[in-house]
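Visitor: I am new to this structure and would like to go through it by question and answer. Please show it to me.

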Amino acid sequence: MKRSLATAVAGGWLAAGWVAFALLPWYWLDLSRGLQDFVDFPLGVGGSALALGVAGDRPWLLLLAFPLLLATLALVLPLARGPGGALLTLGGVLGGLYLLAQGFAIGLKGWDWGWLGAAFGGTPRQEGLGPGGTLLLLAFLLLTCQGLARRGWCRGDAFVVSAIGTVVALIALFVFFPVARVLAHAVIDPSGAFALAGFVARISDHSIWGLDCLAGPLRCGVAWNTLLLASLVGVGSTLLGLAFALVATRSNSRFKGVLRILSVLPIITPPFVIGLALILIFGRSGIASTLLAEWLDVPRSRWIYGLPGILLAQLLAFTPIAFMILIGVVQGISPALEEAATTLRAGRWTTFRTITFPLLRPGLANAFLVGFVESMADFGNPLVLGGNYDVLSTKIFFAVVGAAVDESRAAVLAIVLLSFTLLAFFVQQAWLGKKVYTTVAGKGDGGLPAPLPRRVALLAAAVVAPWSVFMISVYGIIMVGGFVKSLGRDYTPTLVHLSTAFRIDWGNHGLRFAGSAWDSFFATIQVAAVAAPLTAALGLLTGYLLTRQSFAGKRAFEFGTLLSFAIPGTVIGVSYIVAFNVPPFELTGTGLILVLCFVFRNMPVGVRAGVATLSQIDRSLDEASLTLGASSATTVRRVVMPLLRPALIAALVYSFVRAMTSVSAVIFLVSAKYNMATTYIVGRVEAGEFGLAIAYSATLIVVMLLAIVGIQLAVGERKLGRRAAPQPTGRTL
Amino acid sequence: MKTPHSGTRRSPAAAARASVEFRAVTKRYGSVMAVDAVSFTIEPGTLVTLLGPSGCGKTTTLRLIAGLEMATAGRILIGGEDVTARSATDRDVSMVFQSYALFPHMSVIENVAYGPSVQGVRKADAEAMAAETLALVGLRGLEQRSTSELSGGQQQRVAVARALVLEPQVLLFDEPLSNLDAKLRRRVREDIRDLQQRLNLTVAYVTHDQEEALAVSDRIIVMAHAQVAQEGSPRELYEAPASLFVAEFIGDANIVAAEVGAIVGAEATVRLADLELRLPHRGARPGAVRLAIRPDAISLAETGGLAGTILKASYLGKVREYTVRTAIGDLFVTVPGRAEALVPGRAVGVGFTADGIVVLPE
């Protein structure tokens, strides 16, 4: 029964492959031109591979029929499972490789690989893969997986092999391939030749590594700037986060609720909005500067533009993340350990110094590294507040879109940034692997956490109170700033900014969204709404594979999924335009590239949600289902998915929100048709239209707050609950 | 492969039960040997216990039968058919998990009907089969409850019903009593044994509790260090342990040094301190041996036998337990609870009954 099902699935993919080859339009189509591409069907722009190969000028496409035939033989011939699987795998692998090879070898302007041109001559051309090409590639991939399953991979479970194959292929295509392209760009000069000397010269450039600032008034290299900023932010946000975590967990403070809300805010705040608010407070005509100038005659200055401003903005943005990491660690310390110390006659301060703090150290290291990586990846705040203080992320941006476009310089800077973040990421992984979870025992812990020693409590309160006031006033500015004429100058309340952005007219043609922000607003919602379910599905599937299946190369697989988390958005943005601007995967300028970018940027969130939830669900539930004769696919559908629903909702909304607030990667990828809200706002800031920018930002924050409240309600309503502990007082026994 | 069920069922007792056979099965995790070249056979319609301390490989063995772990080497046969390469889905084996593993998002009846329904049985038929099986385990009337509303014993019965509903060739239990309190354990284990005999099921049962194993099993396989230490009926294991490990693990035993003298037929003269006993020699040669003495094979009297002193005493109602210091070491002794109390420090005479003493093969 099961075997015939597997044959049916393989047969389905084979049929899809033949349809993709013989009937579907092979190349990328611009459907906005209507059906004119299909006038000459099956030839012409919308023609199929078979037709173009036989009668058109693309004879190389015909070779694709050969691996398809191999796969067909594997399914039709009465072969045993093993040899049949081998033949199927062979067909799938050959087909996939040849499809990719011809795609990369022959581009828009002829041979992309010179030696092939020398061998075959002529100048064949082709465009990027379209529906037919993509479907056939997918069919080859899944036929390979079916073949491998027949050869006994993953206990012969075709569903698991296919899931692993699909996730690996997608990560390879949309994470590793673009990053590899960027790296290749760095060592290739504009003419396309390999130039290692040029690369060495560029990467050791004085503007990157110069140390002039130590000796005199000159500026240091951009790498040092970035490292300095990241280290300061890492230390600062960790200390602030620790103070917040201690106050939240170990004092009788009534502000715990406020702290919780403050920890949610950065998730729904577009990253540069805090920088914007700081300008409105401390800029030359900001509120604080004006007050100081008028009351105390302090001259207005531009001190906020540069290191102080970026540091302040990033501390505001990333302290809540450090707080969230540390509160978990603080809560994870078993009270029994502290109680044990107390019963051994240690005082509060001794207990804190000798027990609590040492147990916190792994958490502190982790929080530091996260702050460090986030600071280096941040793009919005340096863009808004940077002034003359250059960091890598903005330098990369200006190397791509600035006056002097220099892609290989951008690639070199991206490599420097990537190596810094990867280094930090490796250190963090090494820490995490060994330390963090050791304080959480599987057994229930009774007891009360020790109260903080007085001096620590006072210090923490002294840090937390003013910082909270500061943070609240920054968000107050964001909420209020869009509704006065001009902050710092004219406080007349007005709705003019909001109406410029979001005016709705009743015209002759009915409802008309006349506001300037509507286009980007709708595009953002649309892209985020498409990306969120894909992100959640891919992330949770990956989480399932990581927690519930064992297969060769699982460690590498896990590392690959985590890696896309460690790559800064600017690097992803640059790599996507470098990789997806040319065939065979020609995606720039489409909404699809934005969706893909969000899916693979935010997928680790889904993975983590899935892994966290699944590791709380007893594994024997899956095993019970398997021993009852359910296949892996059925088990996922009927047992795992219903139990994962909370994680699903969380992943959905989180990826939706992240897609709406992201700026660093998408700023490279937006087009006239698909402008995103964040890039639109950045444009308004650069044009000096602060009121409009802040009104738009406030609107976005409110929209996302509604989304968050939405999940809280949805998650709160789940009826699953945990299985109650077995109660031995049964009636019927 | 599991056969799809129709609406009409075979009588459970008439269903064909299969044997389970391990032929030199090995399971390795990296460099760790979990099961080391283990061979045994479980006859159809018998209940066989895999008994051993934690980490001995008994649960891995059970999971190998289920197909939840794949053997590194060796062959596994169920009903004479080689299933070594088959996944859990494709083996006709059901399992009752230690944690019960009831699906928390399904009601009692949905849990039990899950097996038939994933086999393609129509919902109404699947639920009819489930209701019938629930009645069999005495849970009629609780079909619509949520699993979290049941007591531990009831949850356990749901887990058994869910495993039974497909009429598997082999039913597996992984420490099924460990989440129940002491009183309930005895009744549930009697229920399991009763069900197994009534339906003539082939059952493999994992436990670390030797008393539980003695009570329910047709045969017991004692495992230690990833290997089979001894296999036999409960009585064989208790009365003729093949090794020091088995003697200590099954029932309590005092291990003492002794001297084998003359061998006559199946019996030998064994010298224990200044006493002389006649015991089956079990292959021992004249010279130093070790004896396993059951605590109830030792009697305490005012005088006579081996001289000893009471070291510790505890009263457990049904029995009294003593630790007695003697020339051959400290002995653990149980006597009926109604016997007169002996206080620590008192001198006693220690006697032995031969049928509670075995010579341990070296």
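Guide: The model is predicted. A place to begin is B:Ala37, which lies in strand E2 (residues 32-42) of chain B.

Visitor: Is B:Ala37 buried, partly exposed or exposed?

Guide: The relative accessibility of B:Ala37 is 46%. Buried means under 20% and exposed means over 50%, so a residue in between is partly exposed. B:Ala37 therefore counts as partly exposed.

Visitor: What is the phi of B:Ala37?

Guide: B:Ala37 is a residue other than glycine, yet its phi is positive. The value is near 45 degrees.

Visitor: Which strand holds B:Ala24, and what is the phi there?

Guide: B:Ala24 belongs to strand E1 (residues 20-29) of chain B. With a relative accessibility of 38%, B:Ala24 counts as partly exposed. B:Ala24 is not a glycine, but its phi is positive, at about 50 degrees.

Visitor: How many helices and strands does chain B have, and what part of its residues is buried?

Guide: Chain B has 8 helices and 20 strands. Its C-alpha trace spans about 75 × 45 × 40 Å along the principal axes. Of the 362 residues in chain B, the buried share is 54%.

Visitor: Among contacts in chain B with a separation of 6 or more, what share joins residues 24 or more positions apart?

Guide: The count here takes in contacts in chain B with a separation of 6 or more. Residues 24 or more positions apart account for 65% of them.

Visitor: Into which domains is chain A divided?

Guide: One of the domains of chain A is given in two segments, domain 2 (230-389 + 453-490). The others are domain 1 (2-151) and domain 3 (512-716).

Visitor: How much area do domain 1 of chain A and domain 3 of chain A bury between them?

Guide: The centres of these two domains, taken over C-alpha atoms, are 30 Å apart. Their contact takes 11 residues from domain 1 of chain A and 8 residues from domain 3 of chain A. Of the area buried between them, 72% is on carbon and sulfur atoms. The total is about 810 Å².

Visitor: Which helix gives the most to the side of domain 1 of chain A that touches domain 3 of chain A?

Guide: Across this interface the rule finds 0 salt bridges and 2 residue pairs in polar contact. By class, the domain 1 side has 6 nonpolar, 3 polar and 2 charged residues. The element that gives the most to that side, with 3 residues, is helix H4 (residues 81-105) of chain A.

Technical notes: Residues numbered from 1 in each chain as written. Chains lettered and ligands numbered in written order. Predicted model: local features only at pLDDT ≥ 70, side-chain atom pairs only at ≥ 80, totals over all residues. Heavy atoms only, no water. Domains from an automatic or database assignment. Contact = heavy atoms within 4.5 Å. Buried area = accessible area lost by both parts, 1.4 Å probe. Salt bridge = Lys/Arg side-chain N within 4 Å of Asp/Glu carboxyl O. Polar contact = N/O pair within 3.5 Å; in protein donor to acceptor, adjacent residues only side chain to side chain. Helix = DSSP H or I, 4+ residues; strand = E, 2+ residues; numbered from the N terminus. Nonpolar A, V, L, I, M, F, W, Y, C, P; charged D, E, K, R; others polar. Buried < 20%, exposed > 50% of the residue type's maximum accessible area, 1.4 Å probe, protein only.
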